[in-house]
Amino acid sequence: KSAFGQLRHTPDRLRTLNRLKAGMAQRFSSKSHWWLWCLLALSLTAIDQTIKQAVSASLPLHASIQITPWFNWTHVLNPGAAFSFLADASGWQRYFFSAVGLLVSTLLLFSLWRGITSRLVTASYISIIAGALGNVIDRVRIGAVVDYLDFHWGLWHWPAFNLADVLVVGGAIFLVLSSFTFTRNEMKQAT
């Protein structure tokens, strides 16, 4: 007897319950919707590129618009990597960072195609792919990355960055966080 009264377990009802349980127990796999994850990564890359095009078209290079006392919308070019790392190098970094971005994106896309069983890892990979490709497009197109987000406190400015950088860093953070999550089976085995 249950809270809903006595349940009759007819063969039809048992088959339905077993199908429901099997459906709920189905594991997530990125492989089943691989094309959708590619489309999502490309959409995020397109959003990044659209914003960069708008910034380049509407704001002269090195110009800034104060939005709040601690945030400026700016237009700068970064030939280096995160936080202007290697920005003063002789130009080889353009090709190196483009190759790294393409290699990482290819490896992550291949992993998604093979099948990732974690939704969080899948989202992380999509984010990293989109951000990497957004910055690779800039490097190939103009030789540097367009940055436009400038956070500051007084005269201290955090290095300017863009949506692609947010996607890469956010994806990496979620990837690290995913290493601390456990599946239900792992939790059952631990107890």
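I took helices (H or I, at least four residues) and strands (E, at least two) as DSSP runs, numbered from the N terminus. By that count the protein chain has 6 helices and 4 strands. From the N terminus on, I read the order as α-α-β-β-α-α-β-β-α-α.

The model is predicted: local features need pLDDT of at least 70, side-chain atom pairs count only at pLDDT 80 or more, and totals for chains, interfaces and linings use all residues. Residues are numbered from 1 along each chain as its sequence is written, and side-chain values use heavy atoms, with hydrogens and water left out.

I checked burial next. Buried means under 20% relative accessible area, exposed over 50%, partly exposed in between (1.4 Å probe, protein chains only). Of the 191 residues, 31% count as buried.

Then I turned to H5, residues 163-178. H5 has 16 residues and reaches 22 Å from first C-alpha to last, close to the expected 22 Å. The expected span is 1.5 Å times one less than the number of residues.

Which residues of H5 are buried? I found Ala-164, Leu-167, Gly-171 and Ser-178. They cover an arc of only 55° around the axis, which puts them on the same side of H5. The arc is that of the directions from the helix axis to the C-beta atoms. The buried residues of H5 pack against helix H2 (34-58) and helix H4 (119-142).

Val-169 also sits in H5. I listed Val-169 in a nonpolar surface patch with Ile-173, Phe-174, Val-176, Leu-177 and Phe-180.

Notes: Patches are made of residues with over 30% relative accessible area and no salt bridge: like charges are joined within 9 Å, nonpolar side chains (Val, Leu, Ile, Met, Phe, Trp, Tyr) within 5 Å. Accessible areas come from the Shrake-Rupley method with a 1.4 Å probe; for residues, only the protein chains shown count as cover. A salt bridge is a side-chain nitrogen of Lys or Arg within 4 Å of a carboxyl oxygen of Asp or Glu. Contact means heavy atoms within 4.5 Å.
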